[in-house]
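Dear colleague,

Please find below the structure that I am handing over to you. My notes on what was found in it follow directly after.

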Amino acid sequence: DMDGKETEYFVRRDVLDELRLDEVAQKGSWSSKPSLSEQVKDSLRCSLPKVKRIILTWIPVLGWLPRYSIRENALGDLISGCSVGIMHLPQGMAYALLASLRPVYGLYTSLFPVLVYFIFGTSRHISVGTFAVLSIMVGSVTERLAPDSEFMVNGTNGTAGLDIDARDAERVKVACALTLLSGIFQILLGVVRFGFVVTYLSEPLVRGYTTGSACHVCVSQLKYLFGVKPSRFSGPFSLIYTLVDLCSLLPQTRVPELVVSLVALAVLIVVKEINACYRHKLPLPLPIELVVIIAATIITHYCGLTSKYYIDVVGEIPSGIKAPRVPDASLFSQVVGDAFAVAIVGYAINISLGKTFGLKHGYKVDSNQELVALGLSNTVGGFFQCYSVTSSLSRSLVQESTGGKTQVAGVISSIIVLITVLKIGALFEDLPKAVLSCIVFVNLKGMFKQFMDVAVLWKTNKVDLLVWLVTFVSTVLFNLDLGLAISVGFSMLTVIFRTQLPRYSILGNVPGTDVYLDTEIYREAKEIPGIKIFRSSTTIYYTNADMYLEALQEKSGIEIGKLLTAKKKHDAKQKRMQEKEKKKAKKEAKNQFISLMQSQATQDVHIENEIFPCRALRVCLCVFVSLCGLVSACVVAQLEAAGFFSDSIPKSRLFVTVHDAVLHVLRERLTERRNVSGAANAHTHTPRCMCDSLLLTSRMFPTTNP
């Protein structure tokens, strides 16, 4: 009835157990799937279409670039590429400081990996390049393996000085080796189709980790804002030690750098808020970061702030591109753990953004190809003195919102960065580092907004909230590498605990329907007299089988141990009675036939009335599938292979739905009552019965008979 408020449906069919279902549905091998030998032969067979398909899979640009529509895409990609390229300049230089490298290496990182991703990537909208979290992860490694203390030299007047050039050169070697190794890890994972590994990094874990990383980024930049030089700490609690040291140095704050920082922060925050408020009206967001960099450089240079107030500036920015150089492989053993962490975190951020935009615009992002693309970007970048890259949320949003359609926008942004590196990079030598730090601070806004996850997760999922909090706290206290390991370990524990702590419930029928719901939640769900329907919310396997059995006994009120004991006593007594009958048969050979019939009748009545406290305990197994109500074929196959079905639990006890099992039990119980009506007249003793039947519902079956 399309006009009515409620829609009703009526179904008339037989009660279906597993055997009857096989007959009705005509179970058999109807699949046309090729055999294993045919699949192997097909994989070894070479043909032109197959070669073309493989090439297009590994080099996606060959698939979409020949079909590139200039009329539909060119203008949007041009505007988007220019906008993102302008963002690359300040972010590249600023994030290089997080990696403890000179700003020019941030520009290199915004150039070469972007071109590689253009060729091998499958996302059309993400902007690959420098990112705060990965930059700080790289910086923790470069500072650990190339600390200032190893580059102290004696001055001409006997005082110790720092050889900055030697230190920076060594840190570049460390960063390149780390980047190359992380890229190799990503390529290998992509080749073996291991893209699913990121599914083990849940969204609360990634967001908690990036929020904790943002705290490290924030603390690392405070020294530039206040113009102080705190001691360098490494290992657990280094962030706490750095904060304490910074607080002790606050009386030594350099006022000129603090003034520069406050002015830059004020301008950046105000204009960015204007961009956010009027983003729908502005054709392009105001490039305030670039404006602030240009203005700060001009003011510092022409007002002589460097010589008058000793403001710390960027320094020499060499023009041109350096020749590729093989990274130092001898450093691999020292950075292997950090490289794997960088590879996983970078990929997790990249694929989450890529799939978000792919879902929004209706195209597929290949998770395994993204691993290969990101790995090649890092591998090639390692040869050109770049450090590890991933996609940036802020740049990706700008690339998408300004009309970008394809990765041609990335190429255009790379051209802008290339022009800067070749021609105008040297003009930024008088740029105060405090301004770059302010740019970093302002761009952390999105990460710090993730603190709002706590309130949302508190209402929706307490376990995910615990994962978020543990990840954040461990990242803040134990640094990025150890914090990630602790977070992943804890996340795995929550998966185990969720399977160990499922919800067990007793189901009742909603009158007039075939719907069965939890009686503790739904008032109208009523238990059927004499039938217990027990449900487990999780898969049953060896680790939680004992808990399942305990919950089954508690919820159903049936003590299976006592039933088994009673059965053993019954078997023993039956055996004694049989032996007694044999002896009696020898003595009464003449009346053997009559005596045997009388003894058997007495035995049946005795068992019925005295031995079993539950008159007819039938275990009817059925799977509760909320979408279609059918038993999973693979589960049935596993049960058959394991020899689960027997004479005591035949395959006919497996039903398609809970309602089929209930109807079967009710029908059998009615038949029994009719059959024993004569015996009931002869024996007035009523058996003590807690439940006539027990129905088990679960997403998987126990491997042993409880």
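**Core, helices and cysteines**

Leaving aside its neighbours within four places in sequence, M137 is in contact (heavy atoms within 4.5 Å) with Y209, A341, V342, V345 and L480. Please note that this is a predicted model, in which local features need pLDDT of at least 70 and side-chain atom pairs count only at pLDDT 80 or more, while totals for chains, interfaces and linings use all residues. Residues are numbered from 1 along each chain as its sequence is written, and side-chain values use heavy atoms, with hydrogens and water left out.

M137 also belongs to the largest nonpolar core, which has 83 residues. A nonpolar core is a set of buried Ala, Val, Leu, Ile, Met, Phe, Trp, Tyr and Cys residues joined through side-chain atoms within 4.5 Å; buried means under 20% relative accessible area, with a 1.4 Å probe and protein chains only. The members that touch the most others are M93, M137, V345, L431, L436 and L444. Apart from this core lies another, of 23 residues, including Y117, L205, V206 and Y347. In soluble globular proteins, nonpolar side chains tend to be buried together.

Y117 is also one of the buried residues of helix α7, along with F112, P113, V114, V116, F118 and F120. Helix α7 spans residues 112-120, and seven of its nine residues are buried. Helices here are DSSP runs (H or I, at least four residues), numbered from the N terminus.

Helix α8 (residues 132-145) packs against helix α9 (residues 164-191) at about 130 degrees, with the axes 9 Å apart. Axes are lines fitted to C-alpha atoms over the stretch in contact, and angles run from 0 to 180 degrees between N-to-C directions. On the α8 side the contact involves V138, V141, T142, E143 and L145, and on the α9 side R171, V174, A175 and L178.

In the second pair, helix α21 (residues 453-460) and helix α22 (residues 462-500) pack at about 150 degrees, their axes 6 Å apart. The two are therefore roughly antiparallel (an angle over 145 degrees).

Finally, how many disulfides are there in the whole structure? The search finds zero, a disulfide being a pair of cysteine sulfur atoms within 2.5 Å. The sulfur of C176 is too far for a bond, because the closest cysteine sulfur, in C386, is 7.4 Å away. C176 itself is buried, at a relative accessible area of 6%. Likewise, the sulfur of C218 lies 7.2 Å from its closest cysteine sulfur, in C215, which is too far for a bond.

Yours sincerely

Notes: Buried < 20%, exposed > 50% of the residue type's maximum accessible area, 1.4 Å probe, protein only. Parallel < 35°, antiparallel > 145°, perpendicular 65-115°, else oblique.
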